Amino acid sequence: MIFSFALTFAFACFGIGLLICLWRVIFAPTLPDRILALDTMVVNVIALIVLYGMARNTGLYFEAAMLFAMTGFVSSVAYAKFILRGDIIE
Amino acid sequence: MSLIAELLIAGLLVIGGLFGLVGSYGLVKLPDLMTRLHAPTKASTLGVGGVLLAAMAHALTQGGLSWHELLITLFLFLTAPITCNFIAKSWLARHANPADLPPTGSDRQWATLDLSEEPAAPNLTPPAKPGRPS
């Protein structure tokens, strides 16, 4: 009972955080802000995937969260490198 | 699952959710990019760490300890500072006013703003230790 309430609370927190980041991606003052908001969206989505795995009571989703963490890191660094140097691999 | 384990998992979930929400809210609340970098890279990473600890405890109560969650936590804690450093460098290169930056302590400019091709000479003299009269 307490567990399901806490799970719903955590779902709501990370969902609201995801919406705030989406707002920030659309109305970003500078370009690095947009990368930062996208990176935070990746972190929030990882938390949501792990929470969904706990709610469904299965370990299937942890591999998805791990792969999402890796692709999120690589894409954030590639985007930052691209606007830093105009090229990703020099 | 016993009451103590349920309370522990619920507490970790609530703390993790609050930290995640604070990290995302700091993204719109804080004034400029260098302060805004702190919110997601510290608070959100800690929030996800709390959720992953809760997932580990949950898997332990269902029988069978799993180490996948610890891997994700370790990966996030390793990669968040690297991403933060790259975003800060791109902000320095595009939007920072060079007159506002603190001095580098050498005769060269900040590395992201210095466009010369030659490598910088290493500064081999150690900096003076503060507060230790000799």
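Against which helices do the buried residues of H3(A) pack? In this predicted model, they pack against H2 of chain A together with helix H4 (68–94) of chain B. Local features need pLDDT of at least 70 and side-chain atom pairs count only at pLDDT 80 or more, while totals for chains, interfaces and linings use all residues. Residues are numbered from 1 along each chain as its sequence is written, and chains are lettered from A in the order in which they are written.

The buried residues of H3(A) are Tyr61(A), Phe62(A), Ala65(A), Ala69(A), Gly72(A), Ser76(A), Tyr79(A) and Ala80(A) (buried: 20 or more other C-beta atoms within 10 Å of the residue's own, C-beta atoms being placed from the backbone). H3(A) has 25 residues. Its first and last C-alpha atoms are 36 Å apart, close to the 36 Å expected at 1.5 Å a residue (1.5 Å times one less than the number of residues). Gly86(A) follows H3(A) with a positive phi, near 80 degrees.

The contact takes 43 residues from chain A and 48 residues from chain B (contact: C-beta atoms within 7 Å). On the chain A side, H2(A) gives the largest share, 16 residues. By class, that side has 31 nonpolar, eight polar and four charged residues (Ala, Val, Leu, Ile, Met, Phe, Trp, Tyr, Cys and Pro count as nonpolar, Asp, Glu, Lys and Arg as charged, the others as polar).

H1 (residues 2–26) of chain A and H1 (residues 3–29) of chain B pack at about 10 degrees, with axes 8 Å apart. H1(A) is therefore roughly parallel to H1(B) (roughly parallel: under 35 degrees).

Terms used: Axes are lines fitted to C-alpha atoms, for helices over the stretch in contact, and angles run from 0 to 180 degrees between N-to-C directions. Helices (H or I, at least four residues) and strands (E, at least two) are DSSP runs, numbered from the N terminus. Angles under 35 degrees count as roughly parallel, over 145 as roughly antiparallel, 65 to 115 as roughly perpendicular and the rest as oblique. Two residues are in contact if their C-beta atoms, placed from the backbone, lie within 7 Å. A residue is buried if 20 or more other C-beta atoms lie within 10 Å of its own, exposed if 12 or fewer, and partly exposed in between; C-beta atoms are placed from the backbone.
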